[in-house]
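Good morning, and thank you for coming.

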Amino acid sequence: MIPSDGQHLVAGEGGASHMRFASPLEALRTVFGYDSFRGDQAAIIDTVIAGGDAIALMPTGAGKSLCYQIPALLREGVGVVVSPLIALMHDQVDALRRNGVRAAYLNSSQSAPERSIVERAYLAGALDLLYIAPERLNSDHAMEFLARGKVALFAIDEAHCVAQWGHDFRPDYLALSELAVRWPDTPRIALTATATAATHREITERLQLQTARHFVSSFDRPNIQYRIVPKIDVRAQLLAFVRGAEADTPGSPASGIVYALSRASTEKFATYLSAHGVTALPYHAGLDAATRRDTQDRFLREDGIVIVATIAFGMGIDKPDVRFVAHVDLPKSVEGYYQETGRAGRDGDPAIAWLTYGLQDVVQQRRMIDESPGDLAHRRRLSAHLDAMLALCETVECRRQNLLAYFGEASAPCGNCDTCLEPPQSWDGTVPAQKLMSTIVRLKRERNQEFGAGHLIDILRGINTARVTAQRHNQLATWGIGDDLSEQQWRSVARQIIAQGLLAPHGEYGTLRVTDTASEVLKGARTVRLRAEPDKVARQRTAKPVAVAANSHLTTEQLALFERLRVWRATEAREQSVPAYVVFSDATLRAIAAQNPTTLEELLDISGIGITKRDTYGEAVLRVVSEATS
Ligand code: ADP
Ligand code: ZN
């Protein structure tokens with residue numbers, strides 16, 4: 001086992017770091033076992049190796065880490081990486097050591113003697129990479145001891161934390177501008193997966209990166225399939241979805257995250273899924289720290305765990321093989337939604353982002369905005385966020401196009417979202433919209449009454465509920481004029497015309513009022529296009545199976561070998577107490593299963609196996625392969 005303290009580093013050890021690399025590509029192949037660079041990686045790496053500053057905006061999973069790890073291996077001195085998340089730091093250092101890179105970290109989880117071992121290793125030049133928490137770096141002590149050694153480069157990870165108006169501001173990041181002053185000749189690279197132009201500007205200014213080269217990647221995540229469905233029976237829909245996602249990864253249940261708004265509902269959904277044979281665990285801020293840590297550890301280390309969480313979960317979860325992210329409540333903004341769904345499929349294999357939402361979500365969110373503290377401008381901002389989210393949900397066009405356009409990126413229809421795969425029918429909903437609106441207008445004018453969608457639909461469908469009878473609403477002119485549509489269809493009509501801004505819910509009960517634009521529809525001056533929807537859960541369930549098809553090209557024998565390799569990896573990971581993917585990724589195991597290597601040399605041809613991993617795990621892997629094939 002590779003020790004996790006700093007001691008071996010001082011003594012020095014074998015591995016990649018003792019080699020000299022002729023080029024970044026040679027380092028990529030020998031150390032990390034990959035064939036070629038992706039996207040902007042090569043250009044960023046060249047910039048930093050040449051001593052220039054860089055700002056890299058790349059989506060999750062694009063491969064930001066290599067952009068500073070490889071320059072650190074090629075430049076003289078130690079690459080210093082500022083990283084805000086301690087758990088992530090541990091895993092990254094573990095993963096690097098398994099590739100033979102001399103890496104260590106400094107953070108508050110260590111004792112003083114442990115830290116001084118790492119500091120001595122740094123000063124002795126026995127490190128390639130040193131990860132450090134921002135609050136630790138911002139001390140005279142840290143700055144002074146770093147200055148006594150040789151810094152190859154500074155990498156500032158999660159650089160959006162410097163943006164004061166962003167969603168994840170950390171004051172310690174502001175002090176990082178000091179690095180530019182103390183080390184004017186040392187290259188600095190800032191990296192983030194947050195896309196907006198405002199954040200980009202703040203990073204440039206606050207970190208004093210005015211002369212840096214900017215690398216802005218596409219934020220598309222082509223391997224993620226986006227699906228948004230109307231909410232009918234949310235528990236049954238979720239279960240069917242999770243099972244469908246599992247069915248497509250034969251042999252091994254998929255890891256996934258389900259996001260819900262409230263703590264109570266995370267518990268409820270987790271219990272429901274568990275009762276139906278899914279290994280599901282709740283996660284929210286109300287659980288004690290130990291439980292939260294255990295849940296997170298299990299998710300990272302075991303295969304096939306489903307976490308049902310509030311958005312408290314996910315920040316700093318670097319698990320590459322999350323196969324789906326499901327939302328059972330409407331997210332408050334497209335930014336939040338994109339960040340949460342981005343946690344799926346970091347390994348580049350197919351993954352699904354699934355969201356279900358209904359009339360109630362819209363009503364509830366409007367109410368929360370109405371009741372939210374803060375001034376009018378603040379409520380307007382919240383409202384604009386919600387409108388953008390609703391537009392995404394209701395679009396009859398490509399979801400991805402809509403998402404990327406939101407981040408300022410033009411694109412063609414993607415072919416990998418629900419609307420591209422099963423183009424929705426749209427229909428002329430002008431008449432139903434008029435019926436609903438005129439019911440609202442009459443009730444207001446004739447009786448000065450307001451109601452929520454449920455009661456209005458009862459009136460339209462001519463249902464004699466106790467309330468209808470008591471209020472004598474069966475005497476209204478519009479009573480029963482909508483019995484051609486089912487209740488479900490009416491709810492869909494109401495939801496969509498709210499989303500289009502023709503109706504606005506108000507107050508605690510979400511009573512509906514017509515807006516100014518509604519009068520155009522009532523006068524017949526404007527038509528209403530609506531998205532046709534399945535009327536029952538069953539229809540959704542039989543919709544095309546979700547496309548988590550990473551294993552689909554494997555034969556039955558290869559699949560069996562893949563499963564054996566996963567079992568071996570699980571044992572290995574448990575013994576060394578690291579996440580499974582730190583040993584090998586699914587993609588690497590799949591490639592082994594497909595290629596059936598019989599020699600150590602052949603193993604080197606497989607993506608994800610460099611020299612050190614071959615030396616550490618090669619024999620064991622070949623044993624599993626030969627046992628399975630003999
Ligand atoms: P990010 O930090 O941008 O989310 P990571 O640096 O964690 O992404 O990389 C995501 C995954 O892609 C990792 O498993 C990494 O090893 C892999 N990866 C990165 N670059 C390459 C490459 N050039 N070829 C193959 N795999 C790569
Ligand atoms: Zn599409």
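In helix H14, residues 334-341, the buried residues are Val-334, Tyr-337, Tyr-338, Glu-340 and Thr-341. Because these residues cover an arc of only 165° around the axis, they lie on the same side of H14; the arc is that of the directions from the helix axis to the C-beta atoms. Buried means under 20% relative accessible area, with a 1.4 Å probe and protein chains only. Helices are DSSP runs of H or I with at least four residues, strands are runs of E with at least two, and both are numbered from the N terminus.

This is a predicted model, in which local features need pLDDT of at least 70, side-chain atom pairs count only at pLDDT 80 or more, and totals for chains, interfaces and linings use all residues. Residues are numbered from 1 along each chain as its sequence is written, and side-chain values use heavy atoms, without hydrogens and water.

What do the buried residues of H14 pack against? Their partners include strands E8 (224-230), E12 (322-327) and E13 (351-357), together with helix H16 (376-394). Contact here means heavy atoms within 4.5 Å.

Let me turn to the whole protein. Its secondary structure comprises 29 helices and 17 strands. Of the 630 residues, 53% are buried. Among contacts between residues at least 6 apart in sequence, 72% join residues at least 24 apart. Along the principal axes, the C-alpha atoms fill a box of roughly 90 × 65 × 45 Å.

Conventions
Chains are lettered from A and ligands numbered from 1 in the order in which they are written. Buried means under 20% relative accessible area, exposed over 50%, partly exposed in between (1.4 Å probe, protein chains only).
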